[in-house]
Protein chains: 2
Amino acid sequence: MNIVDVDLGARSYSIFVGSGLLADPDFLRQRVESNQVMIVSNETIAPLYLSLLENAFGDRKLAIAILRDGEEFKTFASLDAIITNLLEQRFDRSCTLIALGGGVVGDVTGFAAASYQRGVNFVQIPTTLLAQVDSSVGGKTAVNHSLGKNMIGAFHQPTSVVADISTLKSLPDRELRAGIAEIIKYGIIRDYEFFVWLEEHIESLLRLDEEPIAFAIERSCRDKADVVAKDELESGMRALLNFGHTFGHAIENVLGYGQWLHGEAVACGMCMAAELSNLMGMISDDDLERINALIARAGLPLKPPSDIDPNLLMDAMQVDKKNRDGRIRLVLMQAIGTCFVTQDYPNDSFELVLRGVEDNSNVRS
Amino acid sequence: MNIVDVDLGARSYSIFVGSGLLADPDFLRQRVESNQVMIVSNETIAPLYLSLLENAFGDRKLAIAILRDGEEFKTFASLDAIITNLLEQRFDRSCTLIALGGGVVGDVTGFAAASYQRGVNFVQIPTTLLAQVDSSVGGKTAVNHSLGKNMIGAFHQPTSVVADISTLKSLPDRELRAGIAEIIKYGIIRDYEFFVWLEEHIESLLRLDEEPIAFAIERSCRDKADVVAKDELESGMRALLNFGHTFGHAIENVLGYGQWLHGEAVACGMCMAAELSNLMGMISDDDLERINALIARAGLPLKPPSDIDPNLLMDAMQVDKKNRDGRIRLVLMQAIGTCFVTQDYPNDSFELVLRGVEDNSNVRS
């Protein structure tokens, strides 16, 4: 088991990465002090791992909330269901919520923990690769609104994150690939050495070879923890973690949540951000090619669906949380491993990237 | 104009108390840096003061959200209406929300500001006495749930509080009295000197004499700010501010929100807490009598409605946020000016107080 410490003063916590952690009741019990424990999961994950947690926390007052599976259930309604359950069980401020599942379960549970009685403890047990390397770390919690993703939420840090890589064996191949998108992101935004390592090991990650996958998760968590520790509330460099996300969220929003996986949209968004950086002369054709090649080897999309309306994409990007005073803020590249946030880019290049395949086929050739 | 500073490190802010502040556009403009301003008010207050704010912020991108008036609209639905409006206006994280109204408007607006895009700035402009001396100060925000009051919320500090005492002239007499309940509370929990002052000036407060009302608001805000600065997240002494509230919330809950005003329920709750303290031998009959007399002079209720079911009251108290592991925590008195939080009290005395008028007529005589 490897431990990554997230240094946030009074809100510091540890990420535990290892194999078979959920099968260790003593380890799990040590993660939760409270006598009142609610496990929140979804209908896909609960049949697989809930019994392990029920076994570990059988000595506590235990409540279970099972959400339906999918991004479309990351809503006020799911939040309300959890809160109602907590109130019906008469759980007080000393309770702990455990999020057992992927990013949706983690985000909704985290926001429920942030807002129930103005804040209770919670533990993240991410069971998807995406959640293990990204959403479970850093304290961002939220639900979606029909007008935009993650528009209602809170910064609320977990007290522990337990990333059991054994759970990845049950993950559909498509979700595994989606998780790899966020891993690649860390290489691009701040860790060139890791990017090179990924170019050498991408196929072994797809095969879930234990040593490389554990390394990639730990390295990703270290990268993210390092950024979050320096900028917990996203007033500056934390925005770099959104590389590819402004484009990606717009794709998800226009297609309708649940059509593309978040990681797929982010992968495509990263290619678009890299392409814009290339059009602006900030990264070489060779760097753009390396990024596209790695994302292609991971089986992830390089371009938005050809029938998507670029005007709708632009429209959706207007409501991104990083925007200031109406101008869309983007994370762009200076090189592989070096990114920055900017509102300063030529509109024609931006629109060229949004218009996609037909108009920029020359760039991609 | 008097200024009370709330010392919370990076989240410090000032409370401005004075007459005619809303009629001073320059003063108002200095309170808000953002170019995107949403004013949230309700259908009772908006016709009185909204035009003053529209005048002050006519140079900004301005949005207006008008809620219906009443505690029964302190809901997820009102929160959602504000969030939807913000998204439709495409307001970004740099926006500022202004809460113009009483405690309900302040609490809902504050929670919207806490959760919109994980947190934006907000300014409190409380127009009721209750909001000026209590709910607008300290950063507690929330909406109600059908199973309990203020069960979903956040700690989110305003960037300014503007308490214009001119607005109290339009306040119904019943609401004025309700606000005085919270003022009396500060005397009881931590400020004996203020309690004595109130015994001398209670009638002039009810007449809204300018000098005493300004003094009482400022003194109350100082008392509250002092407590909040020492314990922002209510891990300890901040709970003293809930004196009378555990009983009071239960009364509101059982009667149904909107039947009794919050301050009326708190006044009654303070009498009940004082009575329990007296039954336990912690305060003298004379102290109990002084408290009851002051609350009676303010025209506030000393006892719950005689037809209320004590078992329902007990039931409702079980979900109070201050509870730990199932035992109801109460704020009780050692003397006028000295209170403490405890789970340690005789159940028979507690039940005697809940059963109310018939059984304890001897105590009250």
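Predicted model: local features only at pLDDT ≥ 70, side-chain atom pairs only at ≥ 80, totals over all residues.
**Entry 1: a strand pair in chain B**

I began with E1(B) and strand E2 (residues 13-18) of chain B, which pair in the antiparallel sense over five bridges.

**Entry 2**

I read an open sheet of seven strands with mixed pairing, in the order E1-E2-E9-E6-E5-E3-E4. Which strands stand at the edges? I found strand E1 (2-6) and strand E4 (61-67) of chain B there, each with a single partner strand, so one side of each has no neighbour in the sheet. On average, neighbouring strands are turned by 15° against each other, direction ignored.

Then I looked for helices on this sheet. Helix H2 (residues 46-56) of chain B packs on it and touches strand E3 (36-42), E4 and strand E5 (96-101) of chain B. The direction of H2 makes about 170° with that of E3(B). Helix H4 (residues 103-115) of chain B also packs on the sheet, touching E3, E4, E5 and strand E6 (121-126) of chain B. For H4 I noted about 170° against the direction of E5(B).

**Entry 3: one loop residue**

I stopped at B:Ala23, in the loop between E2 and helix H1 (25-30) of chain B. Is B:Ala23 buried, exposed or partly exposed? I put it down as partly exposed, because it has 14 C-beta neighbours inside 10 Å, and the buried class needs 20 or more while the exposed class needs 12 or fewer. I also checked B:Ala23 against B:Arg290: they are 267 residues apart in sequence and 40 Å apart in space, C-alpha to C-alpha.

**Entry 4: how the two chains meet**

I laid chain B on chain A: a turn of 180° and a shift of 0.0 Å along the axis give an RMSD of 0.0 Å. The two copies are thus related as by a two-fold rotation axis.

At the interface, I have 33 residues of chain B in contact with 33 residues of chain A. On the chain B side, helix H3 (76-88), H4, strand E7 (140-145) and strand E8 (148-155) each supply at least two residues. By class I listed twelve nonpolar, eleven polar and ten charged residues on that side. I also saw that 100% of the interface residues of chain B are interface residues in chain A too, so the copies meet through the same surface.

**Entry 5: two domains in chain A**

I turned to chain A, where the domain assignment gives domain 1 (2-169) and domain 2 (173-364). Their centres, taken over C-alpha atoms, are separated by 26 Å. Between these domains of chain A, 30 residues of domain 1 are in contact with 30 residues of domain 2. The largest share of the domain 1 side comes from H5(A), with five residues. By class, I noted 14 nonpolar, ten polar and six charged residues on this side of domain 1 of chain A.

**Entry 6: an enclosed helix**

Last, I looked at helix H9 (residues 245-255) of chain A. Ten of its eleven residues are buried, so the helix is largely enclosed by the rest of the structure. Among the buried ones I noted A:His245, A:Phe247, A:Glu252 and A:Val254. What covers them? The cover of the buried residues of H9(A) includes E8, helix H10 (262-279), helix H12 (310-317) and strand E10 (330-335) of chain A. After H9(A) comes A:Gly256, with a positive phi near 95°.

Note on methods:
Residues numbered from 1 in each chain as written. Chains lettered and ligands numbered in written order. Least-squares fit on C-alpha atoms with pLDDT ≥ 70 in both. Contact = placed C-beta atoms within 7 Å. Domains from an automatic or database assignment. Helix = DSSP H or I, 4+ residues; strand = E, 2+ residues; numbered from the N terminus. Nonpolar A, V, L, I, M, F, W, Y, C, P; charged D, E, K, R; others polar. Pairing = 2+ DSSP bridges. Axes fitted to C-alpha atoms, helices over the stretch in contact; angles between N-to-C directions.
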